[in-house]
Structure formats: C-alpha cells, structure tokens
Amino acid sequence: MSRLTAKDFHPEVLKLFDKYVHGLIPRRDFLKSAGKFALGAATAEGLLQALSPRFAEAQQVRDNDPRITARFVEFASPQGYGTARGYLVKPANAKGKLPTVLVIHENRGLNPHIEDIARRLALDGFIAFAPDALFPLGGYPGDEDKARELFPKLDQSKTREDFVAAAGLLKQLPEGNGKVGAVGFCYGGGIVNYLAIRLPDLAAGVPFYGSQPPAEDVAKIKAPLLIQYAENDERINAGWPKFEAALKAAGTRYEAHIYPGVQHGFNNDTTPRFDQSAAKLAWQRTVAFFNQHLRT
C-alpha cells in the first residue's frame, strides 16, 4: 500500500487537522467538520487516524544502532521546574570535541519522532540533546492525544527556563566544543526563536515553521538563523513579514526559505503532511548550516 500524502486529503481537512493538533479546536469539532469531506467508506475518525503519526514506519535510526550511544539524562533547572530530562545522543567512537545541537519538539513532548531526529543528528557528527518539556508532568505519555492534553498544563515560563538550562548543559558538556545550536519544529521552532533572543552565545538557530518572537526583541538576536517555512501554512506565515522586517532592521544574519506547495509539518515523516523533497532539502540545509557555524 502506497504512503498517503497531503494530496490525498481535502485542503479543508488539512486545515482542520492543523487546528486540532495545535489545540485550537477539540477532537469532537474536528470529527464533526471533517465528516463533511469523508467519502465512500471513509469516516471522520478514519481521516483522523490516517493523518496521525506512524512512528515505527518512519524511523530511520534505531535506538540501539551501533553507530551511536544514547541515554536519558536528568539535569538541574533551578529557574524552571527544578529538574528536567532529555535524550542525549552521541556518535559512537567519535574523536575530539564535537559541536552540540539542542533538538526541540513539537507540542507533544519528546515523542519517538524527535528521538529519531536526535539520532539522525548524531549520525551527522553532532552531539544532540532533546529535552522533554512534559517531564514535570510525567513525561511524554506514549499517546499523541494525551500529550496534547497535557501540554497546556505546563507553566511555559518554567518550561522555557528548562530549555535555557538544557542549552547550558550542552555548552558545558566535556565532549562538546562549547558551541551550541538549536533546531525546533512548530512549538520547538518558536522556542528556537526565543532562545536566539535569550542567549547571546547561541551559535546557530534553525526554526522550522515556528512562531515569531516580538519584533521589538529581534535586535537582541546574535545567532545566525536558518528560517524554514511551508507555503501552505497561513497561521504561522502571517507573522513572517513583520519578523523579516525586524530582522532586516536589526542587521541580523539570517536566511529564510519558504517551501512551495507544502504543509505545516512537512519535515515530520511520520504523517501524510510530510513532503519528501522539501524535507530532504530542508534537512540538507540544516546540517550544512550547523556545520558552517558550529565547527569553526
């Protein structure tokens, strides 16, 4: 059976799904509205299941791959929730100090997809660390719907401090070269933008379809940014013109790419919104950007 893509769904269903996964409408409203577009034997519930992640099918690097070492690490976050936890992945048998990358998840916590992203970065020669914002609430619950229900219960001021502490951990990591980059997706993209403002020593930031920071804070950004958006993402893209104007006014080093014809979440290869060609290009650019700014 061929893999479903965004083209297999009515555009309005994709918009409804985007609202649902970002907490803008409840499940029942998605099912009620999506039902209008269900054809033949399909049901609204079937549409939701078809759009939901399939982690095992998309996994690229096994957690016991001999080319990496991976473990969960707890770390202190005195300004945040006190103690935080993340997934630390390193290339096996690496020589010398390596650049480090903070990997920031979407609004579901540290799910298997983000763990896989961290392992992919390790294979590209980086030390990757993926914190779980949901750790104070018991951690990622193993279910995307339950994770979305938990996420609004977080105190975001404390959660942001947990990510700041995670960046500090990487900067002090003995095996690291002292340079820290950050990549994040959706919610995580917004956190990358936040960290770029908050941390003057952030060495590079790559926000994928992330919410933009306040324009008045953009002048605080010292890190070069690689900003990646999907063309069919009205909710996020609405903030781009103001953000771009602020970046230009501040003289911030940045490059931005809007990938034509793709959906929000196009890099996430666990769902039909994934676009293989756009994701491949975006990831090549991401790795090249980190190599340029974290290894020199």
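In which helix is the place of E234?

## Residue E234

In this predicted model, E234 belongs to helix α9, which covers residues 234-237. Its relative accessibility is 64%, and because exposed means over 50%, E234 counts as exposed.

E234 can also be located relative to another residue. H264 lies 30 residues from E234 along the chain, and a distance of 9.0 Å separates their C-alpha atoms.

## The sheet

Strands of a sheet pair through backbone hydrogen bonds, in either a parallel or an antiparallel manner. In this model, 8 strands form an open sheet with mixed pairing, and their order is β1-β2-β4-β3-β5-β6-β7-β8. From one strand to the next, the twist averages 20°.

Within this sheet, strands β5 (residues 176-185) and β6 (residues 204-208) run parallel and are joined by 5 bridges. A182 stands opposite G205, a residue of β6.

## Helices on the sheet

Helix α8, formed by residues 187-198, packs on the sheet and touches β3, β5, β6 and β7 (225-232). The direction of helix α8 makes about 135° with that of β5.

Helix α5, formed by residues 112-123, lies across β1, β2 (82-91), β3 (98-104), β4 (127-131) and β5. Helix α5 runs at about 45° to β2.

Note on methods: Residues numbered from 1 in each chain as written. Predicted model: local features only at pLDDT ≥ 70, side-chain atom pairs only at ≥ 80, totals over all residues. Heavy atoms only, no water. Helix = DSSP H or I, 4+ residues; strand = E, 2+ residues; numbered from the N terminus. Buried < 20%, exposed > 50% of the residue type's maximum accessible area, 1.4 Å probe, protein only. Pairing = 2+ DSSP bridges. Axes fitted to C-alpha atoms, helices over the stretch in contact; angles between N-to-C directions. Contact = heavy atoms within 4.5 Å.
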